[in-house]
Amino acid sequence: MLQWSLLSTLVGSPGSVLLILVLLHRLCMWPWHKSHLWDLQHCSTDLTGKTAVVTGANSGIGKAVSQELARRGARVILACRNWEYGQQALAEIQVASKSNCLLLGQVDLSSMASIRSFSRWLLQECPEIHLLVNNAGTCGFPKTLTQEGLDLTFATNYVGPFLLTNLLRGALQRAGSARVVNVSSFRHAHGYVDEEHLTGAGKPLIFNQNYDCSKLLLTSFTGELARRLQGTGVTVNSVDPGIVYTNIMKHFSWSYRFLFWLFNFFCKDVRQGAVPVLYLSLAKELDGISGKYFSSSCRIILPAKAAQDPQVAQRLWNATVQLTNLDKMD
Ligand SMILES: NC(=O)c1ccc[n+]([C@@H]2O[C@H](COP(=O)([O-])OP(=O)(O)OC[C@H]3O[C@@H](n4cnc5c(N)ncnc54)[C@H](OP(=O)(O)O)[C@@H]3O)[C@@H](O)[C@H]2O)c1
């Protein structure tokens, strides 16, 4: 609404031509997004009796994904960092999806202790998990160390999903057939692999490159996990949702947030941004497909070279196992 009133007051001013062009572009992009996306409405997958876990379910893409999964009958565990935001989202999703199979769990993905305690609770609640959507993510932080000595961005976007997925591996395998969906980003192509970044050391990173690198690690992890899960009935793929107007920029300065707000004319809305994630979660034609990277228009494409290298992936896997003490506990 604010944008409309701003637009109307600016008509006649020099900036109005530009704004009108932007608006026209947006109008042209809308049918393009629609025609280039998988058709969710024609997907008949029913999730009654299935359990899905979505991290970062209180906001943006995660909330839209959770709502659609709940509408299809799944028992959805909303894995949220903030209990109050989680409760608000749960109430909204309940009304919109008419589901009474929602459960809220609290987890801070930047904290290994929190992930371990959440996983213990979750495994008691749900011995079988059919779908895990590693959606939660963050950006806009400079190098910041957590209490456990991890870099906040790498911990949230890579170490957290790595640890959570590994701790839930038994429940995924018990389900007989299960999927893991890692929400990556086209930005992963601007990153590089340096395991030392995980602990705030390593080679220098330019503006927001910690985000790019963390998404590269998540994409590399997807390939390695797929190799390790072969023959178990569990598949894992990663996906770029595209540029979606959400709260993802909330940790940037007001000037970047303002630019993103202006830019939102060019972005997908949250429902469109959820479609590629839902495609990986629901599409029957993806049964048995694993270790792939999907573009925001739901096509399998090659990820950045570093994410295709099995040796790099194995080295990263071993370093993360050590860092998370995965080989010593539980
Ligand atoms: N929007 C885009 O253009 C875009 C493009 C490419 C990829 N992606 C990816 O899409 C995913 C969803 O992002 P979004 O765009 O929907 O942004 P969003 O609206 O900001 O949602 C991010 C979610 O992640 C949660 N989160 C952040 N840090 C967390 C932590 N330490 N522990 C647990 N939860 C945490 C947030 O919880 P709080 O509300 O408590 O902060 C929120 O629920 C992210 O992985 C993002 O990197 C987005």
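The following legends describe close-up views of a predicted model.

**View 1. Overall make-up of the chain.** The secondary structure of the predicted chain comprises twelve helices and eight strands. Of its 330 residues, 45% count as buried.

View 2. Eight strands make up an open sheet with mixed pairing, in the order β3-β2-β1-β4-β5-β6-β7-β8. Its edge strands, β3 (102–106) and β8 (300–301), each pair on one side only. Helix α3 packs on this sheet and touches β1, β2 (75–80), β3, β4 and β5 (178–183). The direction of α3 makes about 170° with that of β1.

**View 3. Strand β4 between β1 and β5.** Strand β4 (residues 131–134) pairs with strand β1 (residues 51–55) in the parallel sense, over three bridges. In this pairing Ala-52 stands opposite Leu-131. Strands β4 and β5 also run parallel and are joined by four bridges; here Leu-131 stands opposite Arg-179 in β5. In a regular strand the side chains alternate between the two faces of the sheet. In β4, Leu-131 and Val-133 point one way, while Leu-132 and Asn-134 point the other way. All four of these residues are buried.

**View 4. The bent helix α6.** Helix α6 (residues 152–167) lies across β4 and β5 and runs at about 170° to β4. At Val-159 the helix bends by about 40°. A proline, Pro-161, follows the bend within four residues. Because 16 of the 16 residues of α6 are buried, this helix is largely enclosed by the rest of the structure.

**View 5. Leu-229 in its loop.** Leu-229 lies in the loop between α8 (209–228) and β6 (234–239). This residue has 20 C-beta neighbours inside 10 Å and therefore counts as buried. Beyond its neighbours within four places in sequence, Leu-229 is in contact with Val-234, Val-236 and Ser-290. Leu-229 and Ser-290 are 61 residues apart along the chain, and their C-alpha atoms are separated by 9.0 Å.

**View 6. Two loop residues with positive phi.** Most residues other than glycine have a negative phi. Lys-98, which is not a glycine, has a positive phi of about 55°. This lysine lies in the loop between α4 (83–97) and β3. Lys-98 is exposed, with 9 other C-beta atoms within 10 Å. Asn-208 likewise has a positive phi, near 60°, and is a residue other than glycine. Its place is in the loop between β5 and α8. With 17 C-beta neighbours inside 10 Å, Asn-208 counts as partly exposed.

Conventions:
Residues are numbered from 1 along each chain as its sequence is written. This is a predicted model: local features need pLDDT of at least 70, side-chain atom pairs count only at pLDDT 80 or more; totals for chains, interfaces and linings use all residues. The bend at a residue is the angle between axes fitted to the seven residues ending there and the seven starting there. A residue is buried if 20 or more other C-beta atoms lie within 10 Å of its own, exposed if 12 or fewer, and partly exposed in between; C-beta atoms are placed from the backbone. Two strands pair if DSSP finds at least two bridges between them. Two residues are in contact if their C-beta atoms, placed from the backbone, lie within 7 Å. Axes are lines fitted to C-alpha atoms, for helices over the stretch in contact, and angles run from 0 to 180 degrees between N-to-C directions.
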